[in-house]
Amino acid sequence: MTLFNNQTATTQRTLKQPITYVGIGLHTGKKASMIVRPATEGQGIHFHRKDVPAGTGFIPARWYNIVETRMSTVLGNEHGVTVSTVEHLLAALRGCGVDNAFIEIDGPEVPIMDGSAGPFVSLIEHIGTVSQDLTRHAIWIHQPIEVRTKDKFAIMMPSDMQRITVSIDFDNPVVGSQTLSVELVNEAFVKNVARARTFGFVSELKMLQRAGLIQGGSLNNAILVDGERIVNEEGLRFKDEFVRHKILDCYGDLSLAGVPILGHYYAHKPGHELNALFLEKLFDTYSAWSYISIDEYQQLMGQQQKVEGQDQNVEFADELEAKS
Ligand SMILES: [Zn+2]
């Protein structure tokens, strides 16, 4: 049974070799070069800012280090050093089955690349990953966990697969209401989610720029919507690229739990703030889940499948797409 991309293995994985990415930050507009290095087993994902005084730049990619969620997820440490827009890179690492990596960066923001996780995934797939000795664990959800803020909500439900469903509702004819559910197994992340780009509205551009945001935004790294029109000449990569990007953001943010979450995350109108609230609630509700090794989990699921006599491994996204 395959649980995740590259993850039939029950042990942790890291990169075969370091990967270098160079680009500008979406919000700061600052150029950064970033080297994603292999890391030893059990280390998890860490950022290391190289442009700050020695000993102050270390930031573990964990939920309790989230310091800002307004337009992107920003992580910070006790020295006040931050790294922003981490979500697409983290989604790529999780989606490619990388448990351990050490990310050196010489600026305050992860390069936005083309606004999706596609360029990160392409190089990770090109370089490849290697198996390590330590057992991989996951968070296994037993009971629903729910958070609400204004008209948004997220609920993590027990499920035998890692699945994310997102519904969005924008007062714009191009984006409008979209709902999609993706089971994050096999190639589903790479095929259905990774290449979906971030998006923005012409009507909000000036306000965001005045607030010092999207200084690096361009048609090369975001979909720009102007009323009923997509400004980008190439159009959309998927007809529902907007909701797919929201799934990407949720997946990246949820990876800040430190291990995969085996459950069904259903989020209505999600943003980074809602995802951060959910992670806080998750780690405040220990009775609702347990740490389990992938080994144990596969054995449990194997037994369950025998009882039910059916294959659980269905690509839900394609099914939904066919219906819409
Ligand atoms: Zn995003």
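Predicted model: local features only at pLDDT ≥ 70, side-chain atom pairs only at ≥ 80, totals over all residues.
The protein contains eight helices and 21 strands. Taken along the principal axes, its C-alpha atoms fill a box of roughly 60 × 50 × 40 Å. The radius of gyration is 19 Å, which agrees with the value near 20 Å that a compact globule of 324 residues would have. Buried residues account for 43% of the 324 residues. Among contacts with a separation of 6 or more, 77% are between residues 24 or more positions apart.

The domain assignment divides the protein into domain 1, covering 11–135, and domain 2, covering 138–323. Their C-alpha centres are 19 Å apart. How many residues of each domain take part in the contact between them? On the side of domain 1 there are 31, and these are in contact with 32 residues of domain 2. Sorted by class, the side of domain 1 that touches domain 2 has 13 nonpolar, 14 polar and four charged residues.

Two packed helices are described by the angle between their axes and the distance between the axes. For H1 and helix H5 (residues 241–254), the angle is about 75° and the axes are 7 Å apart. Angles from 65 to 115 degrees count as roughly perpendicular, and H1 is therefore roughly perpendicular to H5. From H1, the residues in this contact are Glu-87, His-88, Leu-90, Ala-91, Arg-94 and Gly-95. They meet Leu-248, Asp-249, Tyr-251, Gly-252 and Asp-253 of H5. By class, the contact of H1 with H5 has four nonpolar, three polar and four charged residues.

A residue counts as buried if 20 or more other C-beta atoms lie within 10 Å of its own. In H2, the buried residues are Pro-119, Phe-120, Val-121 and Ile-124. What covers the buried residues of H2 includes strand E1 (11–15), strand E2 (19–24), H1 and helix H3 (188–193). Just after H2, Gly-128 has a positive phi of about 90°. Just after H4, Gly-212 takes a positive phi of about 80°.

Gly-200 is in strand E16 (residues 199–201). Is Gly-200 buried or partly exposed? It has 19 other C-beta atoms within 10 Å, so it is partly exposed. Apart from its neighbours within four places in sequence, Gly-200 contacts Leu-205, Ile-214, Gly-217, Ala-222 and Leu-224. Of these, Gly-217 is 17 residues away from Gly-200 along the chain, and the C-alpha atoms of the two are separated by 9.4 Å.

The next residues concern backbone angles. Most residues other than glycine have a negative phi, and most peptide bonds are trans. Which phi does Lys-150 have? Although Lys-150 is not a glycine, its phi is positive, at about 50°. Lys-150 is placed in the loop between strand E12 (145–149) and strand E13 (152–157). With 8 C-beta neighbours inside 10 Å, Lys-150 counts as exposed. Lys-269, also not a glycine, has a positive phi of about 55°. The loop that holds Lys-269 is between strand E20 (264–268) and H6. Lys-269 has 17 C-beta neighbours inside 10 Å and therefore counts as partly exposed.

Helix H6 (residues 272–282) includes Lys-281. Because it has 15 C-beta neighbours inside 10 Å, Lys-281 counts as partly exposed. Not counting residues up to four places away in sequence, Lys-281 touches Ile-145 and Val-147. The C-alpha atoms of Lys-281 and Pro-270 are separated by 15 Å, and the two residues are eleven residues apart along the chain.

Note on methods. Residues numbered from 1 in each chain as written. Domains from an automatic or database assignment. Contact = placed C-beta atoms within 7 Å. Nonpolar A, V, L, I, M, F, W, Y, C, P; charged D, E, K, R; others polar. Axes fitted to C-alpha atoms, helices over the stretch in contact; angles between N-to-C directions. Helix = DSSP H or I, 4+ residues; strand = E, 2+ residues; numbered from the N terminus. Parallel < 35°, antiparallel > 145°, perpendicular 65-115°, else oblique. Rg over C-alpha atoms; globule rule 2.2 N^0.38 Å. Buried ≥ 20, exposed ≤ 12 C-beta atoms within 10 Å, placed from the backbone.
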